[in-house]
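Thank you all for coming; I would like to take you slowly through one structure this morning.

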Amino acid sequence: MDLTTQLLEAALLAQKKAYVPYSGFPVGAAILADDNKIYTGCNVENISYPCGSCAEQGAISAMICGGARQIKEILILGNGQNLITPCGACRQRIAEFSKPQTLIHLATTQGIQKTLTLTELLPLAFFDESLKHD
Ligand code: THU
């Protein structure tokens, strides 16, 4: 099975586990990390809506807790006719562990719909160099 198919399958499995009683919109995310392992996450909602967390957030937590530190590729999968794109906060979370050319795959249950780089997803990102000052 090629790599993107593996990421797709992993995200599909994660999506099935999502806890989404409020939105009814399950999302799965799968990361290929620098240790060549795949880490997954799903969205977990809460009756206090802002306490919910995104699938990307869960996958990043799993990656960090697994001991890896870099995203080589990430795939985000949701239902619907429209392309699922990470929220602003998740773009920043992904950027923390990515390089400018890191690939982000946006998928539906039908497969990958669009692939873009981190720079395309989050131009002019706030990053470590941004903190440099005199
Ligand atoms: N959601 C994600 O998990 N990732 C995204 O990239 C977009 C949105 C979740 C948050 C919420 O549980 C549901 O999708 C509807 O917004």
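Let me begin at the ligand, where a backbone N or O atom of Ala55 lies 2.9 Å from an oxygen atom of the ligand, a polar contact, meaning a pair of N or O atoms within 3.5 Å. Before I go on, please note that this is a predicted model, in which local features need pLDDT of at least 70 and side-chain atom pairs count only at pLDDT 80 or more, while totals for chains, interfaces and linings use all residues. Residues are numbered from 1 along each chain as its sequence is written, and side-chain values use heavy atoms, with hydrogens and water left out.

Staying with the ligand, a polar side-chain atom of Glu56 lies 2.5 Å from a ligand oxygen atom, and for Glu45 a side-chain N or O atom is 2.5 Å from an oxygen atom of the ligand. Of the 380 Å² of accessible area that the ligand has on its own, the protein covers 75% (Shrake-Rupley method, 1.4 Å probe; for residues, only the protein chains shown count as cover).

Now to the aromatic rings, which pair if the centres of Phe, Tyr or Trp rings (for Trp, the six-membered ring) lie within 6.5 Å, with planes under 30 degrees apart called stacked, over 60 edge-to-face and the rest tilted. Tyr22 and Tyr49 form a tilted pair, 5.6 Å centre to centre with 40 degrees between the planes. Tyr22 sits in the loop between helix 1 (3-16) and strand 1, and Tyr49 in the loop between strand 2 (38-42) and helix 2, so the pair ties together parts that are 27 residues apart in sequence (helices, H or I of at least four residues, and strands, E of at least two, are DSSP runs numbered from the N terminus). Tyr22 is partly exposed, at 36% relative accessible area, whereas Tyr49, at 60%, counts as exposed (buried is under 20%, exposed over 50%, partly exposed in between, with a 1.4 Å probe and protein chains only).

Terms used. A polar contact is a pair of N or O atoms within 3.5 Å; within protein, one must be able to donate a hydrogen and the other to accept it, and residues adjacent in sequence count only if both atoms are side-chain atoms.
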